[in-house]
Amino acid sequence: MLKTGIIILILNNLLFGDYFISFDFTSINSKIISFHFNCTRAMVNNYSKKKFLFKFKTPYKDIEKICKLQKNKIIDNLLKEKFHINSFVLKQNNYIVSREKGVYLPKRFDIIIKNNYVYFYLKGEN
């Protein structure tokens, strides 16, 4: 009985694991450029409430591959959510450089692949 419970818990973690997604972005000539994109599996599942964010069709069956190859589609959808913008102005001699950097702080997601669609749920949100 205990072995069965442990096997179910391990399979649950493998099939429906939580993921952390974070990235930085900036705007150059009105185009958003992203960098430091990170899609990492969490060590343990968080059984909190989840909120559906978005879904899209994908030919891939592996979440790591989806995160790597379709990161622009993921970022486009995530930018509709909350993110932080840091701004600073640098004054040197006779010119001013103004920069803005956006950061999507790491959030916990439930990512599920089903029927050639990938579903993103934000965990811990009400």
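Is Asn 115 buried or exposed? I looked this up before anything else. Asn 115 is exposed, because its relative accessibility is 65%. The cut-offs I used are under 20% relative accessible area for buried, over 50% for exposed and partly exposed in between, with a 1.4 Å probe and protein chains only.

**Ground rules**

I am working with a predicted model, in which local features need pLDDT of at least 70, side-chain atom pairs count only at pLDDT 80 or more, and totals for chains, interfaces and linings use all residues. Residues are numbered from 1 along each chain as its sequence is written, and side-chain values use heavy atoms, with hydrogens and water left out.

**The loop with Asn 115**

I placed Asn 115 in the loop between β5 and β6. Its phi is positive, about 55°, although Asn 115 is not a glycine. Asn 116 belongs to the loop between β5 and β6 as well. I found a positive phi there too, near 65°, and Asn 116 is a residue other than glycine. Asn 116 counts as partly exposed because its relative accessibility is 32%.

**Overall layout**

I counted three helices and six strands. Helices (H or I, at least four residues) and strands (E, at least two) are DSSP runs, numbered from the N terminus. Along the sequence I read the pattern α-β-β-β-α-α-β-β-β. The protein has 126 residues, and 31% of them count as buried. Its accessible surface is about 9,000 Å², with 57% belonging to carbon and sulfur atoms. That area comes from the Shrake-Rupley method with a 1.4 Å probe; for residues, only the protein chains shown count as cover.

I then checked contacts, meaning heavy atoms within 4.5 Å. Among contacts with a separation of 6 or more, 59% join residues 24 or more positions apart.

**The disulfide**

How many disulfides does a search of the whole structure find? I got one. The term means a pair of cysteine sulfur atoms within 2.5 Å. Cys 39 and Cys 67 form the bond, with their sulfur atoms 2.2 Å apart. The pair links distant parts of the chain, 28 residues apart: Cys 39 is in strand β2 (residues 31–41) and Cys 67 in helix α2 (residues 63–69). Cys 39 counts as buried because its relative accessibility is 19%. Cys 67 is buried because its value is 4%.

**The core**

I looked next for nonpolar cores. Such a core is a set of buried Ala, Val, Leu, Ile, Met, Phe, Trp, Tyr and Cys residues joined through side-chain atoms within 4.5 Å. The largest one has 21 residues, and those with the most contacts inside it are Ile 21, Phe 37, Ile 74, Leu 78, Ile 111 and Phe 120. At least two residues each come from β1 (18–28), β2, β3 (50–57), α2, α3 (71–78), β5 (95–114) and β6 (117–123). β1 gives the largest share, four residues.

I picked out Ile 74, which is found in helix α3. Ile 74 is buried because its relative accessibility is 0%. Leaving aside neighbours within four places in sequence, its contacts include Ile 21, Phe 37, Cys 67 and Phe 120.

Phe 120 was my next stop, in strand β6. It is buried because its relative accessibility is 0%. Beyond neighbours within four places in sequence, Phe 120 contacts Ile 21, Phe 54, Ile 74 and Ile 111, among others.

**Aromatic rings**

How many aromatic pairs does the structure hold? I noted six. Rings of Phe, Tyr and Trp (its six-membered ring) pair if their centres lie within 6.5 Å; planes under 30 degrees apart count as stacked, over 60 as edge-to-face and the rest as tilted. Phe 54 and Phe 56 are stacked, at 6.3 Å centre to centre with 10° between the planes. Phe 54 and Phe 120 are also stacked, at 4.6 Å and 20°. That pair links strand β3 to strand β6, 66 residues apart.

I found another group too: ring pairs link Phe 52, Tyr 117, Tyr 119 and Tyr 121 into a cluster. Two lysines turned up over rings. The charged end of Lys 50 sits over the ring of Tyr 121, 4.7 Å from its centre. Lys 55 lies over the face of Tyr 117, 4.8 Å from the ring centre. The test requires NZ of Lys or CZ of Arg within 6 Å of the ring centre and within 35 degrees of the ring normal.
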